[in-house]
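Please write a short report on the strand and ring contacts in the structure below.

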Amino acid sequence: MEEGVVNELLHGPLHDIFDSTQLLTDVSGSGNNWAVGHMTYGSAYREQIVQKLRRAAEHCDCLQCFFLIHSMGGGTGSGLGTRVLSLLEEEFPEVCRIVTSIYPSVEDDVITSPYNSVLAMRELTEHADCVLPVENQSLVDIVTKIQHMSHGGKPGLMIKRDSSIISGQGVLVGAERPFDAMNNIVANLLLNITSSARFEGSLNMDLNEIPMNLVPFPRLHYLVPSLTPLYTLADVYIPTRRLNQMFSDAFSKDHQLIRADPKRSLYMACALMVRGNVQVSDLRRNIERLRPSLPFVSWNQEGWKTGLCSVSPVGHSHSLLALANNTCVKPTFMDLRERFNRLYRKKAHLHHYLHVEGMEQSCFSEAITSLSSLIEEYHHLDVNKGTLMHDTPRLSICR
């Protein structure tokens, strides 16, 4: 909502992408306060937001999905962002809502970020069809890894410095803004997930097929994203002969956009969205190769959704985005709950929220109850992991 920040878009290198008539600002932001974003700005600008949403929707030939991209730690992203989410559900109840949520790190400079994140999570759990959680710390770790590769890291990787595209200068040399590298990872996530809607392919995946196939229970709709190859400010070329390695990397903890190891947790479903010169046979072969090492729930051993887009990303022969509905998100949520409780036990900073019209203390208790219930649902699946049935041959099932 900060006018100066939003106006940077209109003067930056990507200004042609944005329709200035669709931008909405106030004088200042929400002051790291979820209640200001959700209650104050959400109420004051409700009609303008709805009007702009309707205008954008009217220009669509085939409206498949709304993407909401927001941060969880601050006030505007968490508060107004989730208010927009609920407005989308009210105005367009049949249209899929996919949210990319940036979770704050433990070293976050916003002291009230645990409050903002937990309050926002209740809204995400209630109103989103899918949430793609991304942790700031994971983005930092990935950027560090890429920088290591660009300075003589692993053999077989080649950095092509003069073809990089960043939002700052367009090439790697020159001044780069601090968060360009991290933002470009999230941009690559969105480019991959929308590739089937933009390009042709032998196995195109509509966006509304993602929640339909990956969300077996309405509240358990947090899908862990992983990307391979990893690249931001430099093009990291992985030779075609390493196609199998690309599939393996997608399930390693180093490529997840939250700090988690999905192989040590339980899969309910998984989508593989591949771009480039990859055949259906390559896809099936790698799924069969990886299946024994990936623990799936007994009632959905065949829980794979696949998409193939024939157009590869710029500078690469192929890429892969994996979206996993996996219980490995539980530790992230448990850590967030603990940070919330450390503040809430002392009722620290609570008065800043309760002074906002429409905000009551019950909002906090209901939000933490919702989060605890979500954690318990994931835990219930995890405790049954040891009793998983091994994959039974199809012929035996048909008898």
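Is Trp-299 buried, exposed or partly exposed? Trp-299 counts as partly exposed, because its relative accessibility is 46%. The scale runs on relative accessible area: buried is under 20%, exposed is over 50%, and partly exposed lies in between (1.4 Å probe, protein chains only).

This is a predicted model, where local features need pLDDT of at least 70, side-chain atom pairs count only at pLDDT 80 or more, and totals for chains, interfaces and linings use all residues. Residues are numbered from 1 along each chain as its sequence is written, and side-chain values use heavy atoms, with hydrogens and water left out.

**Aromatic pairs**

The structure holds 17 aromatic pairs. Rings of Phe, Tyr and Trp (its six-membered ring) pair if their centres lie within 6.5 Å; planes under 30 degrees apart are stacked, over 60 edge-to-face, and the rest tilted. Two of the pairs are set out here.

| Pair | Centre to centre | Angle between planes | Type |
|---|---|---|---|
| Phe-217 and Trp-299 | 5.6 Å | 75° | edge-to-face |
| Phe-251 and Tyr-267 | 6.2 Å | 65° | edge-to-face |

Phe-217 lies in the loop between α9 (209-214) and β5 (224-228), and Trp-299 in the loop between α11 and β8, so their pair ties together parts 82 residues apart in sequence. Phe-217 is partly exposed, at 36% relative accessibility.

Phe-251 sits in the loop between α10 (243-249) and β7, while Tyr-267 is in strand β7, so this pair ties together parts 16 residues apart in sequence. Both Phe-251 and Tyr-267 are buried.

Tyr-115, Phe-340, Tyr-344, Tyr-353 and Phe-364 form one aromatic cluster. Tyr-344 has a further contact: the charged end of Lys-347 sits over its ring, 4.5 Å from the centre. Such a charge counts if NZ of Lys or CZ of Arg is within 6 Å of the ring centre and within 35 degrees of the ring normal.

**Strand β7**

Helices (H or I, at least four residues) and strands (E, at least two) are DSSP runs, numbered from the N terminus.

Which strands pair with β7? Strands pair if DSSP finds at least two bridges between them. β9 (residues 318-326) pairs with β7 in the antiparallel sense, over nine bridges. There, Met-273 stands opposite Leu-321. β8 (residues 304-309) runs parallel to β7, joined by six bridges. Ala-271 has Lys-305 of β8 as its bridge partner.
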